[in-house]
Amino acid sequence: MSSFVIIYYTALIAASCLAAYYKQRNVFMLLFSLTLVSFVLGIIGGAGALRFVATASFILALAAGTSYAFREFLILISKPGLAKELRTAPLTAAFGMFVIFTYAIAGIFAPWIAPHGEAEIIGQAFAPPDENMLLGADQLGRDMFSRIIYGARNSVGLALVATLLAFFMGALAGLLAAVKGGWFDQLMGRVADVIMSIPSLIFALLMLSIFGTGLHVIVVVVAIIYSPRVFRLTRAVAGNIVVMDYIEAAKLRGEKDWYLIRREILPNATAPLIAEFGLEFCFVFLLIAGLSFLGLGIQPPTADWGSMVRENATLISFGDITPLIPAAAIALLTVAVNFVVDWMLFRTSGLKEQ
Amino acid sequence: MHDKFKDADVLLEIKDLKIEGYSDETWVPIIKGVDLTLHRGEVMGLIGESGAGKSTIGAAAMGYARDGTRISDGSIEFDGMELTTASEAERRALRGSRIAYVAQSAAASFNPSHKIIDQHTEAPVHYRIKKRLEAQEDAMELYERLRLPNPGEIGFRYPHQVSGGQLQRAMTAMAMSCRPDLIIFDEPTTALDVTTQIEVLAAIRDIVDQFDTAAIYITHDLAVVAQMADTIKVLLKGEEVEQAPTQVMLDSPQEDYTKSLWAVRSFNSPQRHRPTDGSQPLISVQNVDAAYTGGVKVLDDVSFDIYPGMTVAVVGESGSGKSTTARCITGLLPPMSGQIMCKGEPLPPRYKDRTRDQLRQAQMIYQMADTALNPKVRISDIIGRPAQFYGGLHGSALKQRVDELLDLIELDPAKFYSRYPPELSGGQKQRIGIARALAAEPEFIICDEVTSALDQLVAEGILKLLDRLQDELGLAYMFITHDLATVRSIADEVVVMQHGKVVEQGPKDEMFTPPHHPYTDLLLSSVPEMDPEWLSTVLEERGVDNIGEAADP
């Protein structure tokens, strides 16, 4: 029995007792089940397993604490209307917002944050981490940490632009289809069907092989691949709105389609569209990362998380986790965005009940 | 009449019930201490405006609090059992077997993918009261008692295969399936036409009598509750106003609020007559036939005239083509043949082909103010847009016009100018709808069931407002409604429609004095009156098997 184990159990049991004494039912349940789990794990895995459990719980608690503080911070600095909405956000959503906020800061201020340039060779290939390079060097001796920071700017920025373009095309087509109906609706619907019937990755590979791998080509191809999804959602949402009496009233007034879309439909369709935006952003981001991994996305020496995984893939066979760091960055952002989107979806569906 | 229940056992006793609802992060009281005592076999009518807490009390009688509400204080004792402290399992065991519930919309309450009789037998089989076959036989017997056509066969249909009135009766039968001690009727006839309503009312009253079931009858229609209830309790904003036996309540209400409810139906606008100088009608519908794409004819040779400054009420059951006529006039549905004339000139059949001025002439006020106003647009923009669009007003002139319009509909401009529709009450929303129509400065307004979604007091206010505006601005109204009380109070001329045809038309005074067309007669005599004996009298006159749909010639 090491002193760590004794301190660990003492702390847990003392905290459980305190929680029980102060009638904090949920906290007590959490702490005491953790104690029981640790007990079983401790018997099976020894002190090592306990250390792992303790670290994991500590990280979780830290994340929860950060999220809580970040939410309170947002509530304090925002306007009363927004603050009221934020108060309904669960901790997961606050965590998501915190992660997105961090990524945004990293992306925007990349040249100031990163200690080295993204293409600057400063060490040996696959050099281990030292005081100069926080995460070691990649296969050409470039600083991994700096490249990750620049990657936030390149990967996320590109995905953002592509998603925005997909939304612009899809939403516009969807709204027009809903308002005009008839042959225009049919035509748009069939075009969307055709695009969706082609497997997206194969379509992207084909297009990129034909037109080359310029950034603008990637943006346009990815936007075309994802706009049908946006089109279908927008058309469905707008389809429910155009049957409302207020649209009929506006039509009978003699309003043009553009006015209907802009002033009558769009304000009522924003909530589901924003939620969909978050979701689509994840897919676009993953597709671009996937393309980069295959060598057809963002071209070297520009730092990009997808291609960074591929470049360092050889290290996996040596049991090194370096190639997993950019992958983890991708995963974390995707999870964070989904946390926020979940909350938004919940909110919009809650609004419908009123 | 009240003494009848003095000796009967108390079935349900609610004492000082308080219910709170969660909104804006605080619990606000909805029911503020209501007492209710119901004896075995007694029918109590709960009436009040929407938001008075009628349905909430109805649900509480089953020990149930809807999502977002909680029973905060008081006791609910059902047959010696305290429901507020009972476990969820105990309460669930009561529901369906000893307390049953009949909802407002049977169509929404039946599961569309199961046969009616399967849904009927679910409760008795679940509670092991009857075997499935026994329960089915019992269902057929109940269907027969409720005078459903083909009682042996109707249960094997799916809910969408029977009419609304039949479905409502099937639901009453379902509530009866376990022979409960208490049934809660939550506005069971509100969504039905008058001719259908009468047969559902008769069926409910019969079956409650036959099995000596106690019932809570929730409604906002006084005339209906007068037919059904032994006792009436009036509620206002979660508090009891007064309670008395039906006859006493109708003859001599004590409280001012109750008196105002009773007085609602007294509003009457003096009847106007057609101009005799041979001037042209403002709107003339001439031999219009119409159908929706690929469907059967919905309108068949419909013709009538609307003269300037007059109100023409178009009445009929749902599905009779009233609203379709309105769609033809506005140009949303181009007629197959016939035409719409405006001041002697034919209007283009499609609204898209009409000029801005022609569109301005005919405005519309909708039934559901909720869907008629865009929830994300400010009141000032909703009202201001037509003024801007047709009148070209901008800046301060536009603001002044909006203020003027808000004054006209008796809403304070300073308070409502920058609000959004969801922040308004039903009556206020309907007023905004009126203001939007007025903003176009039309000569003719189509009012599509404008009061049917509103409480009687509020509806009364809207009718008075419309009448005042008509006098001040010389408007002509086409008033689509199925409520003959509204027709009596506001119409100058009446057009009766059935199955897409005009069966009778003429000035109001002639239409309301016999002899009538048989269908007009049926409509008129089906409107509930404030006399508790009215239903019995009508049933006697028509014969038991000859009411409602059955009496349809």
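**View 1. Strand E6 of chain B pairs with E7(B) in this predicted model.** Four bridges join E6(B), residues 99-102, to E7(B). The two strands run parallel. Ile99(B) has Leu182(B) as its bridge partner in E7(B).

**View 2. E7(B) also pairs with strand E8 of chain B.** Here five bridges link E7(B) to residues 214-219, and the strands are again parallel. Ile184(B) is bridged to Ile216(B) in E8(B). The path from E7(B) to E8(B) passes through H7(B), giving a right-handed β-α-β crossover.

**View 3. Strand E7(B) is mostly covered.** It spans residues 182-186, and five of its five residues are buried. Leu182(B), Ile184(B) and Asp186(B) point one way. Ile183(B) and Phe185(B) point the other way.

**View 4. The largest nonpolar core holds 54 residues.** Ile47(B), Tyr143(B), Phe185(B) and Val234(B) have the most contacts inside it. Helix H7(B), residues 194-210, gives the most to this core, with eight residues. Another core, of 48 residues, lies apart from it; Val194(B), Leu454(B), Ile490(B) and Val527(B) are among its members.

**View 5. Surroundings of Tyr143(B).** Beyond neighbours within four places in sequence, Tyr143(B) is in contact with residues including Ile116(B), Ile117(B), His120(B) and Leu148(B). Pro151(B), Ile154(B) and Gly155(B) are also among its contacts, as are Ala170(B) and Ala173(B).

Key. Residues are numbered from 1 along each chain as its sequence is written. Chains are lettered from A and ligands numbered from 1 in the order in which they are written. This is a predicted model: local features need pLDDT of at least 70, side-chain atom pairs count only at pLDDT 80 or more; totals for chains, interfaces and linings use all residues. Side-chain values use heavy atoms; hydrogens and water are left out. A nonpolar core is a set of buried Ala, Val, Leu, Ile, Met, Phe, Trp, Tyr and Cys residues joined through side-chain atoms within 4.5 Å. Buried means under 20% relative accessible area, exposed over 50%, partly exposed in between (1.4 Å probe, protein chains only). Contact means heavy atoms within 4.5 Å. Two strands pair if DSSP finds at least two bridges between them. A crossover is right-handed if, with the strands pointing away from the viewer, the path from the first strand over the helix to the second runs clockwise.
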